[in-house]
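Have a look at the picture first.

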Amino acid sequence: DRALSRAEVEKLAMFARGKDMIEEADVEAAVGDAAELALDRIVMAAASGRSGQAVTECDRIVASGESAQGVILALQRHFLRLHRVRSGHEAGRSIDDAMRALRPPPHFKQKAALEEQCRQWTLARLQTALAKIGEAAQAARLKSALESTLAEHLLLEIGALAKEKRV
């Protein structure tokens, strides 16, 4: 939509008023969906084995009003995508070909990390992670008062799985 694009450019111009140069951080702060970016940081950190960073980001986003169940669902979406790519790779496709088949395609900033995660995670560990995510999602729905604790515990479990040696 041209109108939407113009509105976003105008918002960025107002945000960056007085600056000589607009940087990527300015664009993300003014135009980007902050909650979506935070969810991406959480998911990518957990899947890469950086549980401490994932938990810190989770605490921050929950404190800002995002649901911990949203974090769990974002993890589930990410790991389903990882599973799809890894399955395609093990069926004989290159990781690059399997990634091109993803809809929507991965964001260009996340492509390299996603490729690395596909190499790092085996199908068996991805299935274990998806089972843990499913259990946490169900528990969070049944015990909403504990959803933040359940999400943090899940992030720690996923981070530990990510660090396991590949067999």
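Predicted model: local features only at pLDDT ≥ 70, side-chain atom pairs only at ≥ 80, totals over all residues.

Start with helix H4, which runs over residues 51-63. Which residues of H4 are buried? They are Ser51, Ala54, Val55, Glu57, Cys58 and Ile61. These residues cover an arc of only 165° around the axis, so they sit on the same side of H4. After H4 comes Gly65, with a positive phi near 115°.

Now for the rings. Search the whole structure and you get 1 aromatic pair. The partners are Phe79 and Trp121: their ring centres are 5.0 Å apart and their planes meet at 85°, which is over 60 degrees, so the pair counts as edge-to-face. Phe79 belongs to helix H5 (residues 68-90), while Trp121 lies in the loop between helix H7 (111-120) and helix H8 (123-142). That makes the pair a link between distant parts of the chain, 42 residues apart. Both Phe79 and Trp121 are buried. Trp121 has another neighbour too: the charged end of Arg125 sits over its ring, 5.1 Å from the centre.

Last, the cysteines. How many disulfides does the structure hold? The count is 0.

| Residue | Relative accessible area |
|---|---|
| Cys58 | 2% |
| Cys118 | 1% |

Both values fall under 20%, so Cys58 and Cys118 count as buried.

Key
Residues numbered from 1 in each chain as written. Heavy atoms only, no water. Helix = DSSP H or I, 4+ residues; strand = E, 2+ residues; numbered from the N terminus. Expected span 1.5 Å × (residues − 1). Buried < 20%, exposed > 50% of the residue type's maximum accessible area, 1.4 Å probe, protein only. Arc of directions from axis to C-beta. Phe/Tyr/Trp six-rings, centres within 6.5 Å; stacked < 30°, edge-to-face > 60°. Lys NZ or Arg CZ within 6 Å of the ring centre and 35° of its normal. Disulfide = S-S within 2.5 Å.
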